[in-house]
Amino acid sequence: MRIWVIMMLALAGWACRSDDSFRTTEMPATPISDFVLQDQHGQPFKLSEQRGKVVVFFFGYTFCPDVCPMTLSTWKRVYDALRADTAAVRFVYVTVDPERDTPEKLQAHLAIFSPSFTGLTGSPEALREVYADFGVYAEKVNIAAGASGYLINHSTRMFVVDARGDLRLLIDHAAPVPEVVHDLRLLVRGRR
């Protein structure tokens, strides 16, 4: 009997969830300071020039053995599922390893997932300012064995900035693709 009550409550909660409600973590609209970094083609990327688009940020690195490639794989599925809405969304991967992630390395790595994704790098000082504005954590950890020499412990959430330039959503790197697509569409269509 108890399990039936729990299941009925769960179904009632699911049924009451509005299609206009975010399914990931909504943030109070928080302006993000403008910044300029370099993309994987050697061109400047200025945040303020993205106004009018929803921008999904992830802070990772190309040598990452697990979370970063998993997130890029999720982005590819989200990108494909958005279909016509992809024109209003940018996927921007900011390196936490500028020492190894050259523009060329970012370009080759992101092309495995989608040539539409943007990779950013810059000076350590410029990147630190961007990390601070988003509240991103990144720490180099030396490892005794292995060809890479070190790993980077880092934040694993996606940060979504709306068309006005405000941080609006935090999305877990393992969030289900339909939930990510749903929330990005709400922002693209200006319903939230």
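Predicted model: local features only at pLDDT ≥ 70, side-chain atom pairs only at ≥ 80, totals over all residues.

**Pocket lining and helix packing**

The element that gives the most to the lining of the largest pocket is α4, with 4 residues.

**Largest pocket**

- The largest pocket holds about 190 Å³ of space.
- Its lining is made up of 13 residues, and those closest to the centre are V96, D97, P98, Y131 and I152.
- At least two lining residues come from each of α4 (124-134), β7 (138-142) and β8.
- Sorted by class, the lining of the largest pocket comprises 8 nonpolar and 5 charged residues, with no polar ones.

**Helix α2: length and end**

- Helix α2 covers residues 67-82, and at 1.5 Å a residue its 16 residues should span 22 Å; the end C-alpha atoms are 22 Å apart, so expectation and model agree.
- R83 follows α2 and has a positive phi, near 50 degrees.

**Helix α2: buried side**

- Buried residues of α2 are V67, C68, T71, L72, T74, W75, V78 and L82.
- These residues lie on the same side of α2, because they cover an arc of only 160 degrees around the axis.
- An α-helix has 3.6 residues a turn, so residues three or four places apart point the same way.
- The cover over the buried residues of α2 includes the strands β4 (54-60), β5 (89-95), β8 (150-154) and β9 (157-161), together with the helices α3 (103-113) and α5 (177-188).

Terms used. Residues numbered from 1 in each chain as written. Heavy atoms only, no water. Expected span 1.5 Å × (residues − 1). Buried < 20%, exposed > 50% of the residue type's maximum accessible area, 1.4 Å probe, protein only. Arc of directions from axis to C-beta. Contact = heavy atoms within 4.5 Å. 1 Å grid on protein atoms, 1.4 Å probe; cavity = no way out; pocket = protein on both sides within 12 Å on 5 of 7 lines; lining within 4 Å. Points joined across faces, edges and corners; volume = space filled by probe spheres on them. Nonpolar A, V, L, I, M, F, W, Y, C, P; charged D, E, K, R; others polar.
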